[in-house]
Amino acid sequence: MKSLTAIRHIQFEDLGAFETVLVANGYEIRYCDAGTDDLRGPAIANCDLLAVLGAPIGVYEEDKYPFLTDEITLIQKRLNSKRPTIGICLGAQLLARSLGSRVYPGSAKEIGWNPLTLTEEGMRSPIRYFQGVPVLHWHGDTFDLPPGAQLLASTAICHNQAFSLGKTVLAFQFHPEASARNFERWLIGHAVEISTGGFSVAQLRADSARFAPQSAPVGQQCLWEWLQSLDPVEPTQEHVLGSHG
């Protein structure tokens, strides 16, 4: 088995629909909870694949959340050694920061389901599966594109929605792992942000029921192709894709 460590910052923002694809590609999944687990151990730094997940905090808030310093150091070690790493939402911002880019508040909070605009590079990458598909956005911060990275997707609110760096780094500002199965936990966990931002719980719930069954399999296809570029395995996609709930 290959080893995957997922750095989780908040319990309900886990690997979601990605889990079945990862298991089918031979990964044994281990969660490491930021803020309580030690991020400095060699097991995390040397795992076969690192996934850095989302959270409603800012990369630049090290004074409030000191574990971010250890997390950035860990990610920098991974990136310097060109070990495969994925970032989602806060994870994408942490990757950008670790690559020397600025992370800062965006022009507006982007919360809800909307499609992406893909770049030419995006259309040649696994991100192409998201063409025309509404995806879940849930962030207020954004980042500058890291030096040498390829911009893959944008939205009107957030220019840098996805990027890659070589074969081993893939970052999503949006949530390709989101599925309908556990979305109610998002509505509970982000209740304050939803209400203070003027968003509608009912609309988010309805949009999730409508769009997640399409978005989750697309996210699985994207991840499957990216993992195959790292280390092809024999299981066929049809045994995995759509197993997202």
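Reply: Arg-8 is buried, with a relative accessible area of 12%; buried here means under 20%, exposed means over 50% and partly exposed lies in between, using a 1.4 Å probe and protein chains only. Because this is a predicted model, local features need pLDDT of at least 70 and side-chain atom pairs count only at pLDDT 80 or more, while totals for chains, interfaces and linings use all residues. Residues are numbered from 1 along each chain as its sequence is written, and side-chain values use heavy atoms, with hydrogens and water left out.

Arg-8 belongs to strand β1, where strands (E, at least two residues) and helices (H or I, at least four) are DSSP runs numbered from the N terminus. Setting aside neighbours within four places in sequence, Arg-8 is in contact with Glu-13, Asp-14, Tyr-31, Cys-32, Asp-33, Ala-34 and Leu-53, contact meaning heavy atoms within 4.5 Å.

Ile-7 is also placed in β1, and this residue is buried, with a relative accessible area of 0%. Its contacts, again leaving aside neighbours within four places in sequence, include Cys-32, Ala-34, Leu-50, Leu-53 and Leu-74. The pair Ile-7 and Cys-32 is separated by 25 residues in sequence, yet the two C-alpha atoms are 4.9 Å apart in space.

In soluble globular proteins, nonpolar side chains tend to be buried together. A nonpolar core is taken here as a set of buried Ala, Val, Leu, Ile, Met, Phe, Trp, Tyr and Cys residues joined through side-chain atoms within 4.5 Å. The largest such core has 32 residues, and those with the most contacts inside it are Leu-22, Ile-127, Phe-130 and Phe-172. The largest share, six residues, comes from α8. A second, separate core of 29 residues includes Leu-50, Phe-67, Ile-72 and Leu-94.
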